[in-house]
Amino acid sequence: MTVHTLQGDARVRTQRRRVLISGTIGTTIEYFDFLLFGLIAPVVFNQLFFPQADPLVGTIAVLATFAVGYVARPLGGLVFGHFGDRVGRKPIMFVTLVLMGAATTGIGLLPTYAAIGVAAPILLTLLRCVQGFALGGETVGATIMATESAPQGKRGGYAGTIQIGGALGSVLASLAAALVASMPTEDALAWGWRVPFLLSAVLVVVGVYVRTRIDESPVFRNAVREAPPKAPLLVALREEPKACLTVFLCVITETSMLQLFTVYALVYGGRELGIPTSVMLNGVLIGNIVGIAMNPLFGRLSDFIGRRILIASSLVIGALYTAFAFFPMLASGNTVLIVLALAIPPALIQTMIFATEASFFAELFRGAARRFSGLAVSRQVGGVIGGLFPLIAAGAYAAAGSVWAVVGYYAAISVVSLAAVLSARETHREVLG
């Protein structure tokens, strides 16, 4: 073996490590920023930004503001997906990170309703839109980069490693929210809630530095030696409609799962069951700590047994757990059971689908020059429906007066997603083009 070959192999390994580190850090920042809003909003935002509303209306207004971030995602997926297929993955990952950090820092600096009146909730909603717009490209770009940079037979492990960032970001957001919840109410409302949002600026600086040191995806470079398509999304919809539909339907439940076990659980547990927020946040925190280790393990397992079986298992187990374990455990009044109820999903159920879909979704698209657009838009449009879960669940509960209305809705979307996954092809042994 020549010195040139050895140097080339070393450079490839170095770049792969940088992609993993970059993607993990970036995903951590993105999930910290995005989930922080959802965890803190039900605790303080209805008092700071919607004080004229009664408690129920204020809660719905906060959940609506949270959902706006999901509504903005498809636009981000459309814009960033287009340029990700036209100019490359790397520059898009840089832009999305900066945008997300700027919006979150802006929330931390935002005057409240008491200071500027109705402009406060309007500005909060606009900044939330920017968060969603940025996340529309970030969550896809990082996993595509990892999948396209991975060696054959190890794509699941690589993409699953990137997904550590989701659990780690959730841990940091949970710690920050728990700290705010543990503060005296006056301090939390006056200034404490701002600190976690402002810390985002520090994390963004680290993420930007790491991302300047990675190379473009080798799969993308090979695919666009000739001019890439001028409208990659239209090509993806025309050439690979089943891949787009599968991602769209699967993401509805994957996103709803996240909302059910975090945002909606906090609202329901606090308002209807009187569970202290700190107790519930402890469950979310413990589960995501375990999830940090489980993400790469599930991703690597999918390299051996396939992607579909793990995703399908997560969907089935999630529906059964919600119906027969989650809500009864929350209503038990037992602190240990309550913490366990909130810890199990991010530790195992969510992680099983989250780690595996990272490579599966990218592999479903056979053409690299349309992969970013097709995956980004399909994922983010599905995410809109999933992101509305807290609002839909709150409305269903209010109308029916029973948590079984929430269970029924979640079970229905799980069945639809399961059918989509089972009808898709298995991808873990395919050569990525």
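Two rings of Phe, Tyr or Trp count as an aromatic pair if their centres lie within 6.5 Å, and planes over 60 degrees apart make the pair edge-to-face. The views below show a predicted model.

View 1. Searching the whole structure gives 13 aromatic pairs. One of them joins Tyr264 and Phe389, whose ring centres are 6.3 Å apart; their planes stand at 90 degrees, so this pair is edge-to-face. One aromatic cluster is formed by Phe261, Tyr264, Tyr268, Tyr321, Phe326, Phe327, Phe389, Tyr397, Tyr409 and Tyr410.

**View 2. Tyr264 and Phe389 link distant parts of the chain.** Tyr264 belongs to helix α13 (residues 241-271), while Phe389 belongs to helix α18 (residues 389-400). The two residues are 125 residues apart. Both Tyr264 and Phe389 are buried.

**View 3. Phe326 and Phe327 form an edge-to-face aromatic pair.** Centre to centre, the distance between the rings is 5.1 Å, and the angle between the planes is 70 degrees. Residues under 20% relative accessible area count as buried. Phe326 has a relative accessible area of 0% and is therefore buried. Phe327, at 5% relative accessibility, also counts as buried. Phe326 and Phe327 are members of the aromatic cluster in which Tyr264 and Phe389 are also found.

View 4. Two or more lining residues come from each of α1 (3-48), α8 (164-182), α13, α14 (277-305) and α16 (335-364). Helix α16 gives the largest share of this lining, five residues. Helix α13, one of the contributors to the lining, is also the helix that holds Tyr264.

**View 5. A nonpolar patch on the surface.** The patch consists of Ile116, Val118, Ile122, Leu123 and Leu126. Together these residues have about 430 Å² of accessible area. Three residues of the patch, its largest share, come from helix α6 (residues 119-149). Leu126 is located in helix α6.

Definitions and conventions: Residues are numbered from 1 along each chain as its sequence is written. This is a predicted model: local features need pLDDT of at least 70, side-chain atom pairs count only at pLDDT 80 or more; totals for chains, interfaces and linings use all residues. Side-chain values use heavy atoms; hydrogens and water are left out. Patches are made of residues with over 30% relative accessible area and no salt bridge: like charges are joined within 9 Å, nonpolar side chains (Val, Leu, Ile, Met, Phe, Trp, Tyr) within 5 Å. Accessible areas come from the Shrake-Rupley method with a 1.4 Å probe; for residues, only the protein chains shown count as cover. A salt bridge is a side-chain nitrogen of Lys or Arg within 4 Å of a carboxyl oxygen of Asp or Glu. Helices (H or I, at least four residues) and strands (E, at least two) are DSSP runs, numbered from the N terminus. Rings of Phe, Tyr and Trp (its six-membered ring) pair if their centres lie within 6.5 Å; planes under 30 degrees apart count as stacked, over 60 as edge-to-face and the rest as tilted. Buried means under 20% relative accessible area, exposed over 50%, partly exposed in between (1.4 Å probe, protein chains only).
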